[in-house]
Each structure stands twice: as structure tokens, then as C-alpha cells.
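Please find below a colleague's note on the structure shown here.

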Amino acid sequence: MIEVIKPGLLDLVMDLGRPGHRSQGVPEGGVGDAPSLVLANRLVGNPDGAAGLELLLRGPVLHFHQGGRVALTGAEMHARLNGAPIDRGQTLDVPAGGLLEFGTAERGLRAYLAVAGGIEVVSVLGSRSTFLPGGFGGWQGRALKTADLLPLGAATFSPKGVFQETAQPQEAIRLLPGPQLAGFADTALHALTSDEYVMGADSNRLGVRLSGPALEYSGGELASQAVLPGAVQVPPDGQP
């Protein structure tokens, strides 16, 4: 069992999501950085889709009542185990009564904590992920709070591993034309692919808001319609 001594900015129980329920208005959701969660799970011997903790910008202080085997991936949050600094990308044994503390994120936004056996909260629609807008999944459908007690599943086996992080080259994002492209000014697509846009502070896991040259659209206000993951939406202010 893990006790939350002090919560971080936004600590969520997450797995790889709940696909197949979009017709009911429930998005796939799930973890924001799937490869990082998968890596953490593999380092502790969990299935790839086991539930772990996703920590945003500033992490929590956690008390391990019975101890456990853990791995940290994703953003660097300067974690400490019983006061001693620990590294990401390796398997670590937390003793019974161990205190795991996280700082503020550097070189990234979200960090991931996997524990051998996974975090065994109730599965809703086939997933243990927190869905904040709906208030379900994860731990009581919300971010973690002080004194929360997270149950753990039984560890299946006990590997030890180390993953050496390497720098990844930046990759271009491909754009495909959508049905509304003809309603944009000729300069809009050029601006989107050539000018500089900055990610705004009001971005979240539902969407990334960009700030830059406005994309002029003359096609009129659109009726509400379904939006698939990866779509670029342009509201009336022209900021995608």
C-alpha cells in the first residue's frame, strides 16, 4: 500500500486508456506519454498496461507501508528515496516504510512511477485510468490528496533492469488536409507550417493550445461535430 503524505500538482492513476467507448462520449484517454509508462512497467515486471502514477510538473511525497519495487521514467523530478537521490530508468527496491519524494520537473512535463504489481484500483470500462471530466476511474475519479491509500496488486516476477536514456532527434509533425481546408485563406497553411507557435499555459491533456499568427477562416461558424485524436482545431480567434 502507498500512502500520499503530500500530493503534487496533479498526480493521477493512469494506464494505457479505455478505447472503444467514443460512441458513449468517453474518450480513450489514458496516459499522456505511453512509451514512458510502458518502459516503467517493464522495468518492474508488470504488463505494459498496468496502472501507474502520472505526475505533472511537481511530484508528491509517498510512503510505502510494505515496500515495493519501483521504476521512474519521463521528466526529471529529482526524486529521493529516504533522502538519497535516485535515478530514472532503473529498477529500485523501496524498503518497508520507505519515503519517496519528488521535486519539480526539469527536461519534461510528466514523470511516471510504476510499482511491481501495479496500482490496483477498480477498473471502469476496461481501464484504471482517471477521467477527470467524468469524475470516474483512477482513485475516486480525481487527483491524489493527502492521506489517500493506494492498493497494490501482487508482483508477478522480479526483474532488475536499467534503461539508458538517449537523446532523440526532433521529428516533423505531418499534416493532412481536412474537409474545412478550403475555407481557410491561402496564407493560413503556410503560416501554420512556417511560422513560430508557442504552447500556451491553458493547454491540458485534452488539447494543446498554440499562440502565434492567426489562421484566417472565411467558411463561417461550424456546427458541432465529432473530433478525432490528432485533429487541428481553429477557434474563431484563429489560434490553433
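1. The model under review is a predicted one. Asparagine 41 belongs to helix α1. Its relative accessible area is 0%, and asparagine 41 therefore counts as buried, given that the cut-off for burial is under 20%.

2. Which residues of α1 are buried? They are Ser36, Leu37, Val38, Ala40, Asn41 and Leu43. The buried residues of this helix pack against β2, β3, β5, β8 and β10. An α-helix has 3.6 residues a turn, so residues three or four places apart point the same way. After α1 comes glycine 45, and its phi is positive, near 85°.

3. The open sheet consists of 5 strands in the order β2-β3-β10-β5-β8, with antiparallel pairing. Why is one side of β2 and of β8 left without a neighbour in the sheet? β2 (11–14) and β8 stand at the edges and have a single partner strand each, so one side of each has no neighbour there. On average, neighbouring strands of the sheet are turned by 30° against each other, direction ignored. Helix α1, residues 34–43, packs on this sheet and touches β2, β3, β5, β8 and β10. The direction of α1 makes about 155° with that of β5.

4. The antiparallel strands β5 and β8 are joined by 4 bridges. Within this pairing, glycine 68 has valine 94 of β8 as its bridge partner. A salt bridge also connects the side chains of arginine 69 and aspartate 93, at 2.6 Å from N to O. This pair links distant parts of the chain, with arginine 69 in strand β5 and aspartate 93 in strand β8, 24 residues apart. Arginine 69 has 14% relative accessibility and so counts as buried, whereas aspartate 93, at 39%, counts as partly exposed.

5. A further set of pairings involves β1, β4, β9 and β11. β1 runs antiparallel to β11 (residues 149–150), and 2 bridges join them; isoleucine 2 has leucine 150 of β11 as bridge partner. Between β1 and β4, also antiparallel, there are 4 bridges. Here glutamate 3 is partnered by histidine 63 in β4, and isoleucine 2 stands opposite phenylalanine 64 in β4. β4 is in turn joined to β9 (residues 98–101) by 4 bridges, the two strands running antiparallel. Phenylalanine 64 has glycine 98 of β9 as its bridge partner.

6. Which members of the largest nonpolar core touch the most other members? This core has 28 residues, and those with the most such contacts are Val13, Leu53, Leu62, Phe64, Phe102 and Leu113. Two or more residues come from each of β1 (2–6), β3 (52–56), β4 (61–64), β5 (68–76), β8 (91–94) and β10 (106–115). In soluble globular proteins, nonpolar side chains tend to be buried together. Beyond its neighbours within four places in sequence, phenylalanine 102 contacts Leu55, Gly59, Pro60, Leu62, Leu72, Met77 and Ala79.

7. The structure contains 7 salt bridges. One of them joins arginine 110 to glutamate 54, with the closest N and O atoms 3.7 Å apart. Arginine 110 lies in strand β10 and glutamate 54 in strand β3; the pair thus links parts of the chain 56 residues apart. Glutamate 54 is buried at 3% relative accessibility, while arginine 110 is partly exposed at 22%.

8. Another salt bridge is formed by arginine 80 and glutamate 101, with 3.4 Å between the closest N and O atoms. Arginine 80 is in strand β6 (residues 80–81) and glutamate 101 in strand β9, 21 residues apart, and the pair links distant parts of the chain. At 31% relative accessibility, arginine 80 is partly exposed.

9. There are 2 aromatic pairs. What is the arrangement of phenylalanine 131 and phenylalanine 136? Their ring centres are 5.2 Å apart and their planes stand at 65°, so this pair is edge-to-face; planes over 60 degrees apart count as such. Phenylalanine 131 is buried, with a relative accessible area of 15%, and phenylalanine 136 is partly exposed, with 22%.

How values were computed:
Residues numbered from 1 in each chain as written. Predicted model: local features only at pLDDT ≥ 70, side-chain atom pairs only at ≥ 80, totals over all residues. Heavy atoms only, no water. Core = buried A, V, L, I, M, F, W, Y, C linked by side-chain atoms within 4.5 Å. Buried < 20%, exposed > 50% of the residue type's maximum accessible area, 1.4 Å probe, protein only. Contact = heavy atoms within 4.5 Å. Pairing = 2+ DSSP bridges. Axes fitted to C-alpha atoms, helices over the stretch in contact; angles between N-to-C directions. Phe/Tyr/Trp six-rings, centres within 6.5 Å; stacked < 30°, edge-to-face > 60°. Salt bridge = Lys/Arg side-chain N within 4 Å of Asp/Glu carboxyl O.
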